[in-house]
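I opened the notebook to go through one protein structure, item by item. The sequence and the structure come first.

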Amino acid sequence: MRHLMSPLDFSVEELEKLLNLADDIGKNPKKYAHTCDDKRLATLFYEPSTRTRLSFEAAMMNLGGKVLGFSSAGSSSASKGESVADTIRVVSCYADICAMRHPKEGAPLVASMASSIPVINAGDGGHQHPTQTLTDLLTIRSLKGRLDNLTIGLCGDLKFGRTVHSLIEALVLRYSNVKFVLISPEELRVPSYIREDILEKNNVEFEEVERLEDALPKLDILYMTRVQKERFFNEEDYVRMKDFYILDKQKMELAKKDMYILHPLPRVNEISTEVDADPRAAYFKQAQYGVYVRMALILTLLEVKLPC
């Protein structure tokens, strides 16, 4: 039995196999429509989510399976003081696989140690978001045809953005010649452990800039993020930071014709809606790829026999 806590839980070969499966699911969805007819997915979401939770639920239903779970800590026995370990022991009696989101870093790992079913980390605090990273990798590979030899700009909240941390780690430790342009205000720069233990330690070429306009001309991928209100301790800091970057049509004129825009969503106002019509805007397509990746992940962790 395997769990998924980090994108690095998969080797390069396993990752390639998973992405190939997700790609085939996208092209031939009917082929997989009954592969999980007798399976149940539990979604244990201790903090709000729209895309990730619904994406998991859609993935399981697309495979013919069923879904049960809760969408906030307040609607679970956590509100009565039940531990994550006890919750997963009980849920293991009801479901075949579990996706857990939790505001505390490491909570899904604690759950996996007590679980008798596979546990998928669906986001833990500001730490990891492995299924979003798998989605990002599939999206980039589908759009650019490769995951190496790329210059990727990461823009916005690079301090608290778990999607950014997971993506940097996965690309640096799994693929070659990936360069990063880290675009953020001083207060929201990547944490030192990302800079020192991952980028510098692996001799990755990167630069930190404050102006989005300076970075755009050199990018193959621009990964926008929102400033996350829920990660700030005071309202004043959030209000000061929230409109720091707004990507609009005028700025897009500085970008390459084949530079694609990704965003883990939800967006607030960091990408103007006028950009949605640009063929380089790939963030809604990215959400669709997320369903295919989660379908592939469920099949892989459940060790389901795949249709020919």
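Below are my entries on a sheet, some salt bridges, a pocket and a few backbone details.

**Ground rules**

I am working with a predicted model, in which local features need pLDDT of at least 70 and side-chain atom pairs count only at pLDDT 80 or more, while totals for chains, interfaces and linings use all residues. Residues are numbered from 1 along each chain as its sequence is written, and side-chain values use heavy atoms, with hydrogens and water left out.

**Entry 1**

I looked up an open sheet of 4 strands and noted the order 2-1-3-4, with parallel pairing. Its edge strands are strand 2 (66-70) and strand 4 (119-124), each of which pairs on one side only. On average, neighbouring strands of this sheet are turned by 15 degrees against each other, direction ignored. For such angles, axes are lines fitted to C-alpha atoms, for helices over the stretch in contact, and angles run from 0 to 180 degrees between N-to-C directions.

I wrote down two terms here. Strands (E, at least two residues) and helices (H or I, at least four) are DSSP runs, numbered from the N terminus. Two strands pair if DSSP finds at least two bridges between them. In general, strands of a sheet pair through backbone hydrogen bonds, either parallel or antiparallel.

Then I went through the pairs. Strand 1 and strand 2 are joined in the parallel sense by 5 bridges, and R40 has K66 in strand 2 as its bridge partner. Strand 3 (residues 97-102) runs parallel to strand 4, with 4 bridges between them.

Buried means under 20% relative accessible area, exposed means over 50%, and partly exposed is in between (1.4 Å probe, protein chains only).

**Entry 2: salt bridges**

Side chains of opposite charge can pair when their charged atoms come close. I used this cut-off: a side-chain nitrogen of Lys or Arg within 4 Å of a carboxyl oxygen of Asp or Glu. How many salt bridges does a search of the whole structure find? The search gives 17.

I took three of them in turn. E16 and R141 form a salt bridge with their closest N and O atoms 3.1 Å apart. E16 is in helix 1 and R141 in helix 5 (residues 130-144), so I noted a link between distant parts of the chain, 125 residues apart. E16 is partly exposed at 34% relative accessibility, whereas R141 is buried at 15%.

R162 and E47 meet at 3.2 Å, N to O. R162 belongs to helix 6 (residues 162-174), and E47 to the loop between strand 1 (40-45) and helix 2 (51-62), 115 residues apart. R162 is buried, at 8%, and E47 is buried, at 12%.

D258 and K144 meet at 3.5 Å, N to O. D258 lies in the loop between helix 10 (249-252) and strand 9 (260-262) and K144 in helix 5, so this pair ties together parts 114 residues apart in sequence. D258 is partly exposed, at 40%, and K144 is buried, at 14%. I also noted one network, in which salt bridges with shared partners join E186, R189, R195 and E208.

**Entry 3: the second largest pocket**

I looked up the second largest pocket and noted about 190 Å³ of space in it. On a 1 Å grid over the protein atoms alone, a pocket is an open set of points where a 1.4 Å probe fits, with protein on both sides within 12 Å along at least five of seven lines; lining residues have an atom within 4 Å of a point. Grid points are joined across faces, edges and corners, and the volume is the space filled by probe spheres set on the points.

Which residues line this pocket? They are R2, E14, K17, L18, L21, L299, T300, V304 and L306. Helix 1 supplies the largest share, 4 residues. Helix 1 (12-27) and helix 11 (283-301) each supply at least two. By type, I counted 5 nonpolar, 1 polar and 3 charged. Ala, Val, Leu, Ile, Met, Phe, Trp, Tyr, Cys and Pro are nonpolar, Asp, Glu, Lys and Arg are charged, and the others, Gly among them, are polar.

**Entry 4: backbone details**

I found a cis peptide bond between L265 and P266, with omega about 5 degrees. P266 sits in the loop between strand 9 and helix 11.

N149 is not a glycine, yet its phi is positive, about 55 degrees. N149 is in the loop between helix 5 and strand 5 (150-155).
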